[in-house]
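Here is a short note for a colleague opening this structure. Please read it with the model on screen and follow the points in order.

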Amino acid sequence: MSKTNNVSKKRLSTGVVGLDEVLDGGLLAGGAYLVRGCPGSGKTTLGMHFLGAGSSQGEKTLFITIAESEAQLRRNATNKGFDLTNVAFLDLSPTSDFFTEVQSYDIFSPAEVEREPITQRIVQQVQAQQPKRIFVDSVTQFRYLAVDEFQFHKQILSFLRFLQERDTTVLLTSEAGPEAPDEGLQFLVDGIINLEIAQTERTLSIYKFRNSRYDQGNHSMILTDLGMKVFPRVIPDRFSREFEREVLPSAIPGLDKMLHGGIERGTVTMLSGPGGAGKTSMGIKFLTEAAMRGERSVVCCFDETPSTLVERSRKLNMPIDEAMEAGNLVVSTFEPLDKTPDEFAHLLREEVEQRNTKLVMLDSISGYHLCFPQEYTVEHMHRLCRYLKNMGVAVIVINEVQAISGKFQITDMKISYLADNVLFLRYLEVKGELRKAVGVLKKRLSDFEKTLRPMNLTSDGIKVGEPMLNLRGILKGHPEFQD
């Protein structure tokens, strides 16, 4: 089938949150689109969204069902909160009479006997309703009304042209599988939406979309009591915002001297070190200072609860509970596999684009790694951090290394390239006592102090002392003081 002449540049909303963004604004009016997927993947739900979006705008819509009955579909729609009151139905599903009354065809095949009345009913309904949107569930059932594959292909082609000549946008579903392949259908339509169910998540992808750009790749999708939601993959280059490359201080005098004032907006700062060294506390200090300036910050906790974070911050004279009550600081926790990577990114997008969040802290990379499928960690963090940088957000990433002592190491994972600034925290043994030190390894947008300074976590806050000029061997893993 050649490109459909009746397809216009007018966009029609699918009614699904996130899917219109993947489709660059929605489906093109007058086109025919195939929704593929196994049973339970959400094909009918997507069709209900599509028709509901049209009827809510006063468009005439038609639901052609060949498998489930109208009564059953309306009941399911009501349970999910869909309003299909103004949606017309053409119920072609078999009634109970078909089972109770013996149907036999002595001369002609069932396909030849049933095809003509079904076709007449579709023609009559379309001519009577003049719908602008039609949803057919499922087109696979039409295959059984054709004597062979050639006839099926010809019937579907004729059916689509009949509808599109009336400026109708058509959504068809297909249960693709070895017993009922739909490769022939894919050539006849203007677009293909594929729904898949994996072990850990559901995904949606666009295989084809004539005359329009679209976001490629797999996009996370969930089915809820209120229908379908799609979480588009973040494509960083599509997002940007003008902002001043302002320096954000920590209000820890010694640390700000090391950083030549602080960290910049639109950069990623990695705080790296072993457990208990003070990484999270140092990151919280940057966020509380931003909150005091009236800027909104978000902490994404993958390792601890908000109550624990609040309690230990209070003991360091950082009353983050006050900032939380004022609405300038939000602490959110995430459990393993509770959300998909794209769903998590969507939450941060809402924070940045709708609530003007200026600082985001991810605590920590190892916890993040456990919460999402491991194959996504580096790729997703790359896209997420690039997006946040383009939007002028200062990102603080907490990275925990396993080694407390020994050879110097920034991260156990290959993600240090994401950071514009790298601060490392170390334990030092000084005269039999375990002490903490902080240093700056990297800072892309300005110079920085190359020395190490002692650091203490006290009831008066975080204290960073004077440079430790007589310390040697820190990078070798055997620090020593020299006179």
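1. **Overall make-up.** The protein chain holds 14 helices and 24 strands. The model is predicted. Of the 483 residues in the chain, 52% are buried. Take the contacts with a separation of 6 or more: residues 24 or more positions apart account for 69% of them.

2. **Confidence.** The protein chain has an average pLDDT of 86. A score of at least 70 is reached by 86% of the residues. Which elements mark the two ends of the range in mean pLDDT? Helix α4, residues 97-100, is the lowest, with a mean of 50. Strand β13, residues 263-264, is the highest, with 98. Please also look at residues 104-114, where pLDDT stays under 50. For that stretch the model has 11 contacts beyond four places in sequence.

3. **Helices α12 and α14.** Helix α14 spans residues 377-390, and α12 covers residues 341-355. They pack at an angle of about 10°, and their axes are 11 Å apart. An angle under 35 degrees counts as roughly parallel, so α12 is roughly parallel to α14. On the α12 side the contact uses Pro-341, Asp-342, Phe-344, Ala-345, Leu-348, Arg-349, Val-352 and Glu-353. On the α14 side are His-380, Arg-383, Leu-384, Tyr-387 and Leu-388. By type, the residues of this contact of α12 with α14 are eight nonpolar, one polar and four charged.

4. **Helices α9 and α10.** How are α9 and α10 set relative to each other? Helix α9 runs over residues 279-292 and helix α10 over residues 306-315. Their packing angle is about 80°, with the axes 11 Å apart. Angles of 65 to 115 degrees count as roughly perpendicular, and α9 and α10 are therefore roughly perpendicular to each other. Thr-280, Ser-281 and Ile-284 of α9 make the contact with Leu-309, Arg-312 and Ser-313 of α10. The residues of the contact of α9 with α10 comprise two nonpolar, three polar and one charged.

5. **Ser-220.** Is Ser-220 buried or exposed? Its relative accessible area is 2%, so Ser-220 is buried. Ser-220 sits in strand β10, residues 219-224. Its side chain makes a polar contact with the side chain of Thr-340, at 3.0 Å. Leaving out residues up to four places away in sequence, Ser-220 touches Glu-201, Arg-202, Lys-229, Val-230, Phe-231, Thr-340 and Asp-342. Asp-342 links this point to the helix pair above, being one of the α12 residues that meet α14.

6. **Ala-88.** Strand β5, residues 87-91, contains Ala-88. Ala-88 is buried, with a relative accessible area of 16%. Beyond its neighbours within four places in sequence, Ala-88 is in contact with Thr-61, Leu-62, Phe-63 and Gln-129. The C-alpha atoms of Ala-88 and Ile-64 are separated by 8.7 Å, with the two residues 24 apart along the chain.

7. **Gln-155.** Gln-155 belongs to helix α6. Gln-155 is partly exposed, because its relative accessible area is 22% and the cut-off for buried is under 20%. Gln-155 and Thr-119 are 36 residues apart along the chain, and their C-alpha atoms are separated by 9.9 Å.

8. **Two cis peptide bonds.** Most peptide bonds are trans. Where do these cis bonds fall? The bond from Asp-137 to Ser-138 is cis, with omega near 0°. Ser-138 is in the loop between β6 (133-137) and α6 (149-164). Asp-363 and Ser-364 are also joined by a cis bond, with omega about 10°. Ser-364 is placed in the loop between β17 (359-363) and α13 (365-371).

9. **Two positive phi values.** Most residues other than glycine have a negative phi. Asp-167 has a phi near 60°, which is positive. Asp-167 lies in the loop between α6 and β7 (169-174). With 38% relative accessibility, Asp-167 counts as partly exposed. Phi of Asn-356 is also near 60°. The loop between α12 and β17 holds Asn-356. Asn-356 is partly exposed, at a relative accessible area of 40%.

Key. Residues numbered from 1 in each chain as written. Heavy atoms only, no water. Helix = DSSP H or I, 4+ residues; strand = E, 2+ residues; numbered from the N terminus. Buried < 20%, exposed > 50% of the residue type's maximum accessible area, 1.4 Å probe, protein only. Polar contact = N/O pair within 3.5 Å; in protein donor to acceptor, adjacent residues only side chain to side chain. Contact = heavy atoms within 4.5 Å. pLDDT = per-residue confidence, 0-100. Axes fitted to C-alpha atoms, helices over the stretch in contact; angles between N-to-C directions. Parallel < 35°, antiparallel > 145°, perpendicular 65-115°, else oblique. Nonpolar A, V, L, I, M, F, W, Y, C, P; charged D, E, K, R; others polar.
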